[in-house]
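Please have the sequence and the 3D view open as you read.

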Amino acid sequence: MMANDRLLRLRQFITENEAQAVLISKNENVHYFSGFYGDDSALVITMDKEYLLTDSRYTEQASAQSDFTIIEQKKGLLSKISETIENEHIKNLAFESNVLVYDSFKALQKMLPNVKFSAPISLDKLRVEKDAGEIELIKKAVAISDAAFNDILDFIKPGISEIAVAARLENTMRQLGSERPAFATIVASGKRGSLPHGVASEKLLLDGEFVTMDFGAVYKGYHSDITRTVCIGKASTQQKKLYDIVLKAHLMGIDSIEINKDGCSLDAPSRQYIKDMGYGDNYGHGLGHGVGLEIHELPRLSPMAQDIIFRPNMLVTVEPGIYIPDYGGLRIEDTVLVGEKGAIPLTKSRKELIEL
């Protein structure tokens, strides 16, 4: 699925929605269809033309990254969008209803009184299956985060802060080519481990604690996502028990992935196992989510994810966890490629309990 294939599928989508053109304003979708990687821009795609609208900060970059017709706006993006649509005599326009804010929508309606804004759409489903180029970029992002985890094992010790751990992870990934952190890096130690999204704090690491690290790299716009939990010093019997449960649930989650099933079915085996082990109330989130130009995108793996049937070349995370208030918790997560015969984990970092 190269650029022409993406446009072919997009135009088929336009036709199915009985429109003449589509306005694309979500940054990730602008990137996906045009190759341009920036913000404050938009695409207007008709059945035979492709326009990339941006401002003087990006015109040179846009010309280098995209073969679309570049239109520079000088008096406001909405005004130039309106002008382009009028010049193309578009009477029926599809738009991203989950992206275009209400004020902008009303302004465009006022500027374009003769245009029907039809069939509010989401284009995110068109990005669900990754092409070979996207998979290679995600593999690079995964390799960067794997290397950062390997490095952090020699850095973690009692007395340093969670923020210091996050800074080390992010700096290492930067040095290896990451554009930025994939999200606010999570480092949750001790009792804070019960917070699934416990962003790094000033808390100091203590001997005998679990430390959960959830982080990722961004390489040429594509994300990786990894979580590993380690123990500072020797793990207790209870810590070993919890780790073994989560590790087994994680491996079951990977083994459950197969094509022609929905995300609810794939989520179920590992969730049932954690429940059977007595911790069902301590696992509240889904098994995983899609990864690509966004850190959280389609498809999902959760009890509510019945909307998409899994197909080859989807990219997802597998990340079960257990979270116990006033005690702590842990999670193990890989970035995984969906193959014809099952899951292919891209994350290579070791998963056995590490006692530092």
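## Around helix α2

Just after α2, G35 adopts a positive phi of about 90 degrees. Helices here are DSSP runs of H or I with at least four residues, strands are runs of E with at least two, and both are numbered from the N terminus. This is a predicted model, in which local features need pLDDT of at least 70, side-chain atom pairs count only at pLDDT 80 or more, and totals for chains, interfaces and linings use all residues. Residues are numbered from 1 along each chain as its sequence is written, and side-chain values use heavy atoms, with hydrogens and water left out.

Buried means under 20% relative accessible area, exposed means over 50%, and partly exposed lies in between, using a 1.4 Å probe and protein chains only. The buried residues of α2 are N29, V30, H31, Y32, F33 and S34.

## Helices α4 and α5

Two packed helices are described by the angle between their axes and the distance between the axes. For helix α4 (residues 77–87) and helix α5 (residues 102–111), the angle is about 40 degrees and the axes are 10 Å apart. That makes α4 oblique to α5. Axes are lines fitted to C-alpha atoms, for helices over the stretch in contact, and angles run from 0 to 180 degrees between N-to-C directions. Angles under 35 degrees count as roughly parallel, over 145 as roughly antiparallel, 65 to 115 as roughly perpendicular, and the rest as oblique.

The crossing of α4 and α5 is right-handed; a crossing has this hand if the near helix is turned clockwise from the far one by less than a right angle, and is left-handed if anticlockwise. On the α4 side, L78, S79, I81, S82 and E86 meet S104, A107, L108 and M111 of α5, where contact means heavy atoms within 4.5 Å. By class, this contact of α4 with α5 has 5 nonpolar, 3 polar and 1 charged residues. Ala, Val, Leu, Ile, Met, Phe, Trp, Tyr, Cys and Pro count as nonpolar, Asp, Glu, Lys and Arg as charged, and the others, Gly among them, as polar.

## Helices α8 and α9

How do the axes of α8 and α9 cross, and within what distance do they come? The axes of helix α8 (residues 237–256) and helix α9 (residues 263–276) come within 8 Å and cross at roughly 160 degrees. That makes α8 roughly antiparallel to α9. Their crossing is right-handed.

I245, K248, A249, M252, G253 and S256 in α8 meet L266, P269, S270, Y273 and I274 in α9. Sorted by class, the contact of α8 with α9 has 7 nonpolar, 3 polar and 1 charged residues. T237 also lies in α8 and is exposed, with a relative accessible area of 69%. From T237 to I295 there are 58 residues in sequence and 35 Å in space, C-alpha to C-alpha.

## A sheet of three strands

An open sheet of 3 strands has the order β7-β8-β11, with antiparallel pairing. Its edge strands are β7 (186–189) and β11 (226–231), each pairing on one side only. Two strands pair if DSSP finds at least two bridges between them. Neighbouring strands of this sheet are turned by 10 degrees against each other on average, direction ignored.

Over 4 bridges, β7 pairs in the antiparallel sense with strand β8 (residues 210–215). I186 has D214 as its bridge partner in β8.

## Strand β14 and its partner

In a regular strand the side chains alternate between the two faces of the sheet. From strand β14 (residues 315–318), L315 and T317 point one way and V316 and V318 the other way, and all are buried. Strand β17 (residues 334–339) runs antiparallel to β14, with 4 bridges joining them. D334 in β17 is the bridge partner of V318.

## Backbone details

Which peptide bond is cis? The bond from L298 to P299 is, with omega near 0 degrees, and P299 lies in strand β13 (residues 297–301).

K220 has a positive phi of about 50 degrees although it is not a glycine. K220 sits in the loop between β9 (218–219) and β10 (222–223), and counts as partly exposed at 49% relative accessibility. N313, also not a glycine, has a positive phi of about 75 degrees. N313 is found in the loop between β13 and β14 and is partly exposed, with a relative accessible area of 33%.
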